[in-house]
Structures are given as structure tokens and as C-alpha cells.
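Before reading this briefing, please take a moment to look over the sequence and turn the structure around. The notes below then go from the whole model down to a single residue.

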Amino acid sequence: MKQDFTTIPSIIARHPRKASSLIMILQDIQKEFNYLPEEAMRKTAETLEVPMSKVYSVATFYNAFSLVPRGEKLIRVCVGTACHIRGSKVIREQFENELKIKPGETTPDMKYSLEVVGCVGACAMAPVVMINDKYFGSVKTSRIKQLVGKG
Amino acid sequence: MRISTPKQLKELQKKFQDRDNKLAKKIIVCHGPGCLASGAEKIYQEFKKILSEKKITGITLEALKKTGCHGLCEKAPLVAIEPDKILYTHVKERHVVDIIEKTIKKNEIIPELLYVDPQTKEKIVRYPDIKFYSHQTRIALRNLGHINAADIDDYIRVGGYQGMVKAVTKMTPEAIIEEISKSGLRGRGGGGFPTGRKWATCRKVEDDTHYVICNGDEGDPGAFMDRAIMEGDPHSVLEGMIIAAFAVGARDGYIYVREEYPLAVINLQIAIEQAREYGLLGEQIMGTYFSFDIQINRGAGAFVCGESSALMKSVAGEVGEPRAKYIRSVVKGLYDKPTVLNNVETYANVPLIIEKGADWFTGIGVKKNSGTKAFSLVGKVRNTGLIEVPMGTTLREIIYDIGGGLIDGRPFKAVQTGGPSGGCLPDTMLDSPVDFDSLTKAGSMMGSGGMIVMDDRTCMVDVAKYFLSFLVSESCGKCNPCREGLYQLYKLAIKISEGRGEEGDLEKMEKLSDMIILGSLCGLGKSGPNPFLSTVRYFREEYLAHIRDKKCPAGVCRELIRFEINDKCDGCTACLMACAYNAITGSKKQPHVINQELCTHCGACVTVCTRNAIDVF
């Protein structure tokens, strides 16, 4: 994970300098650092001339943003309706057991973060797991050890 | 190159058609959501590798095509061979050589890759002969599985942008709105508001700026129609938006796409750039004074942003909280300007209505519900996938003819439509038609198009609890009835599912539901109690079993059940491997035993047992 904050101004500069760019800037920052570092949020507030409280409220309102660093691999267990009906609860629990963390947490070695997501839109292949940007369908409990290893 | 006359577009279409007709065969590798989750990319790469290495007469790399969702996701990954309309299912990398050597070179069919009809056990070669496809009528999904989403030329080849060109060069804005109104097109996002009336109101508002927005924040869990359209046929959405913009007098458009759909963003962006290059977006479109451009806004993971006023706040870079709609957003929407907001599928319908006329559209579907509706048919049904049927098709036709019935022949229990705002309908409603009004009357709603089929192993209390938990975490928190009311409703649902329910709890929940509906500001709150209300309306007995007998008849609610292995067990060890808690012991080919103290009642063993050897008490 990069911790070089010197890139922050150039990320902010990719977007028009107006309040409506806030979400897009935060998305780019999150993409770069895997979370929203406080420095980046302060710099964003300053550049767009919006109060820090507004940046904070947007950053905490939307699920996609994280204020704490996340692991290299983001494992998202889909818990949408189709996945729920086809046993996503067990899948989630197996990941929790395997990684020894709960959804929203990151392993101490910063390798994995576990999250649950409302629906990733691959419902026909339920239950579905997303690892970073890759989708894995018809996930069985027996496959979870293997999934943690790759992705 | 800029396209500036209808004639030019026709000529281009002809050119692309001729080019396409020269291909002896086309290999379609589906890249829809289901196929991507099943390794479609690897298959595409394998085809590419072999086709580049081997020189096959008449078959160049041009014959290979990545398309959007072909539909039959259950059998993913899918490969279709055109123009023969052959469909190969569950294709693996090792099959690719065979497909090239046999089917492409020698016109031989590979029987093991064909779809097998679940009833007749017959292998079917051509996909139009499969019931899953033959019972459908595709309008919004017309190009999915046929064109390359990243290639505007392919869209033009199949008639793309003809509707828009007709609208901009031959029609007045009023005539377009009149045509859309006459077609009876209603909002496909679920609300069912007449699209023509929305456009007409927006146009009438006098202002220097009007906006057009496409709602691609498909938040309903269990629905992926819009994802499939944005990924597989992005130009149809752009075309619909351009027509809308011309009709209401907008210069700027926005597409708001869910955070969870990265590929949709990529494909839409490519489409926008291609459309600009052809002069179909940008300044002075088709040599007229009409200018319009589109930008993409990515959502950031908030279900409530599917609500129009919250979505507009989010586009403006703010927290996505809905506002009270004393003044509707068609009058005062984005940045307080008159704004037309329609859903992805609605826009995808528009070009064809303009091209073929309102009468053509009203000829499909039923009265007051013209046209078709796309659904994601998922859950415990055999043929899961993406479908589109005329309005008025019955639930039974969808689930049994198209869906092929339930997995393992288990009994049907309910079908859930409308997402968290909808409801669950029982078997007595199977013959009711699927349209906006009938579903609402039945206590559910159309919603954006998720259709989740449930069998006897689905507990309705658990389903209600599931949706309530979803809504509790997605409530934006602005107004009390939703934030606190849904939470209390959720707590009561947990209480019942854990066997602590008391007499009077259901009545308390019903009263609370009424208050939430009355007091909430936006649709999320107002419809929040629906999952509970519809399940208690049709499955009250099941709730009472939890409350009075402390039993979960479906064998789902963990506090109320116990698993035991019966004498049908042949010691296959599948359950033993599936158990994460080491609660199952036994050696191979010997009956296994569950240690009740270690068992967490998660049910992982039941899902893997093929011999019905695990009883639930």
C-alpha cells in the first residue's frame, strides 16, 4: 500500500474545483490509498473550499469509503436476496472463521479485509463473492480456503 | 468522423452489415455478470489464442465477439455460434479447441455442451428452441448477447441510433413526447410513472437549464437487469437519453452508476467517447442546434441513492438524503433545475418506440401496462438468468416455462419481487399476471425487476428479517419513523426467529408498520415494512409456528432447529468437509454423526448432502 501523500494534490486536480466533485475526488483517493487518509480529506476540503465537516459527513455516509487502511485483498461476500436464499450466511461465517476477522475488519498483517455487500449483481450465480474486482460464482463452503489463497 | 445526416447513418449501417455478412461464422462469448463470475474471460482468451495461432479459412479474429448477458446464466459460461444459433453451456477452456475443430470447421455439434431440457431430458441445439428463450420477448435486452458492447459500429449495424436520428431530424420535441405518452411507457425502475407525462411536465417548466439523468443505481438486491444493459448495450441507454434530452430541452446529462458495477462504468465511458467521436453527443448533433453531452457519476455504496432526490444530491457531491417532494424533481431537481430522471431500462426502450411507433409498443403487453419488463430470475429456480417478457405474463409461465421449475423439483413456496420495497407472493398467486398494477394489488410491487424464487426450505420469518436488516443498515437516518421504526420492527423479527416471540407481537408489528408507512419521508421508509406485511399476510401460520410452537417449519432459524443424520447416509464425507465447526464425524462409507454440542445449525451440511440424509427437527 502506498503511503506517499505527495500525490494528493494531483489526484484532487483531476476534477473541476467545485463542491460537486467531492465524491469523485474521494473515490480517486480511496482507489489510490485503499482508504481515505486524514491528510487527503483535509487537503480536499481546503482545495474545494468546503468545511471539513462536510467532507467527513460524505466520507462516513457512503459505504464505499473507509477511514482506516484496508488489506491488500478486499473480500466482499454478497448478501443480496438471491445469495441469502442460497446460503450466503454460511459463506460469510466461513470467511470469518478462516480469516479470524468480522466484516468491516482487516487482518493484522494487512493482507485481507472482509466486507459484506448488499448485492453485486451476479445473482444468477448465487452465492457470489467478489475479491478485489473479480467475481466468483456458485461459491461452496469447501472452496473458501482456496479462494482466500487466490483472487 | 461525424454523422450528420440520416442517409449517412443508413450507409454506415449497410457497410457494417456487409462486413458482418462476410463472416462465415461468429463465436459469441458471453461476458454477462453470470458468465464473468464463471470464468468467461479465460475462455475468450483461449479462443483468441487459438484463432491467432491457427489460420482457419474464412474465420478471422473478427469472428470472435465478447457480448453482454446472453440470458441463461445458470448454464454459464455460455458460448453461442452464429448464424446457426447454437448454444454451448458450461464451456470450459479445454472445450475451446473442440469447438473450433468440430463446430467451426466441420459444422459438427458437440452434444455434451448442449442444453438439456429438464423435463424431456432432450438435448437442444439451437437456443431459440429452448423454452427459456422461446417464451421471451426482448425489447430492452434486444442486443444483449448479440453485439460487442465496446463497439459503436456493432450497435449501428443492428439499427442503433436510428430512433435518435429520426427524433432529432424529423420530429419536434412535442411530437416525441406525444409518441412516448401514447406508447404508455411507464418507469421501469419500479414506480411505473408514465414516462411521457414526466417529460411533458419537465419541458413545460420555463428555465434556462434542464437536466436528464439516468438512474443506474440498481440497488435492489437480487436484481441485475440494469447492470446487464449498461455493460452489454450501453449505447441503447445513451440513445434513449439523447432523445429525452432533445424532448425536454436539456444540454447536460448524467448517468449515476452503482459503485459495485465497475465494468458498467468502463463500458459506458467507452460508449460515450465513441458517440462523441461520431458527433452523436456533443455540439450541434446531426447538424442541428441541439447540443447534449453526458457524464458518468459513480455511486459510493448507498441504497437510498436509488431514490430520485437522494440521487440528485449525490450527483451534486453531497450526502444522499432524500428530501420532501412538495415540489417534484421534474420541476426542481438537480441544482434546483427541472430534471427528468429515468431508469436504465426505461431509456433502453425509448429508441425503439420512436423508431417503430407507439402503436407497435402498445401491441405488446396488456392495457395500461404496455411493452415488456426485464427480470432477473434467480433463487431456487432451475434456469436462473436474465429474462424479458411481455407485461401480463403470469408468474407461473415465468417460473415454470422459462425458469424450468424449481431446483431438485422441490415445492414452490413464494416468489419475491420488488426488492426490499416489495413482497413475497405465495402459490395461490402464481396465475396472477405480472404488471405494475396486478403486483401492487397482490401486496408486492413490480420494483426494478428482481424475481427471487423460494422453495419450502426458505423461511418467511427469516426472509422478512433479512430485508429488515438490509433496510436498517441502509436507512439514511434522516427521519425517525424509518430510522427507529424499522429498527424496532427488525428487533421484533429477531425475537420471533429466535423463539422468544409472544402473543401480540405480530399485531404490534402490524401497528408499527402502519406508522412507519404514514410517517416516513421517502419511498425507502414508506415501503420498508412491505417485506414483513406481505409475508405475514400470506404466511401468518409460519410466524405463529415460531411464536407458539417455537418451531421453524422450513428448518432455517437456527435457534429453533436441530440437525440429525439418518440411515440414508452412505458416508460420502461431503457434509464432513463442508462443516466449518468440525461438528461432523465418521469415516468414509460409514454413516456420519453430528455432535450436537459443536453444531451451530448453520445448515452447510444440508446444502451439500445429495441423499437427503440430514433431517431437520
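Predicted model: local features only at pLDDT ≥ 70, side-chain atom pairs only at ≥ 80, totals over all residues.

For chain B the mean pLDDT is 94, and 100% of its residues reach 70 or more.

**Chain B as a whole**

- Chain B contains 25 helices and 21 strands, and along the principal axes its C-alpha atoms fill a box of roughly 75 × 65 × 40 Å.
- A compact globule of 617 residues would have a radius of gyration near 25 Å, and because chain B has 26 Å, its value agrees with that expectation.
- Of the 617 residues in chain B, 55% count as buried.
- When one takes the contacts in chain B between residues at least 6 apart in sequence, 71% of them join residues that are at least 24 apart.

**Domains**

- The domain assignment divides chain B into domain 1 (21-128), domain 2 (152-362), domain 3 (366-455), domain 4 (460-548) and domain 5 (562-616).
- Between the C-alpha centres of domain 2 of chain B and domain 4 of chain B there are 35 Å, and the contact of these two domains takes 9 residues from domain 2 of chain B and 8 residues from domain 4 of chain B.
- On the side of domain 2 of chain B that touches domain 4 of chain B, there are 6 nonpolar, 1 polar and 2 charged residues.
- For chain A, the domain assignment gives domain 1 (5-61) and domain 2 (73-149), and the centres of these two domains of chain A, taken over C-alpha atoms, are separated by 29 Å.

**Contact between the chains**

- Where chain A and chain B touch, the contact takes 40 residues from chain A and 49 residues from chain B.
- On the side of chain A that touches chain B, at least two residues each are supplied by helix 2 (22-33), helix 4 (52-61), helix 5 (81-85), helix 6 (88-99) and strand 4 (134-136) of chain A.
- Sorted by class, that side of chain A has 22 nonpolar, 16 polar and 2 charged residues.

**Helix 16 of chain B**

- In helix 16 (residues 395-402) of chain B, the buried residues are B:L395, B:I398, B:I399 and B:I402.
- An α-helix has 3.6 residues a turn, so residues three or four places apart point the same way.
- The elements that cover the buried residues of helix 16 of chain B include helix 5 (131-134), strand 13 (372-379), strand 14 (385-390), strand 15 (412-417), strand 16 (423-426) and strand 17 (450-455) of chain B.
- After helix 16 of chain B comes B:G404, which has a positive phi, near 75 degrees.

**A closer look at B:I402**

- Leaving out residues up to four places away in sequence, B:I402 touches B:K131, B:F132, B:H135, B:Q136, B:L377, B:N383, B:I387 and B:E397.
- From B:I402 to B:D18 the separation is 384 residues in sequence and 34 Å in space, C-alpha to C-alpha.

Terms used:
Residues numbered from 1 in each chain as written. Chains lettered and ligands numbered in written order. Domains from an automatic or database assignment. Contact = placed C-beta atoms within 7 Å. Nonpolar A, V, L, I, M, F, W, Y, C, P; charged D, E, K, R; others polar. Buried ≥ 20, exposed ≤ 12 C-beta atoms within 10 Å, placed from the backbone. Helix = DSSP H or I, 4+ residues; strand = E, 2+ residues; numbered from the N terminus. Rg over C-alpha atoms; globule rule 2.2 N^0.38 Å. pLDDT = per-residue confidence, 0-100.
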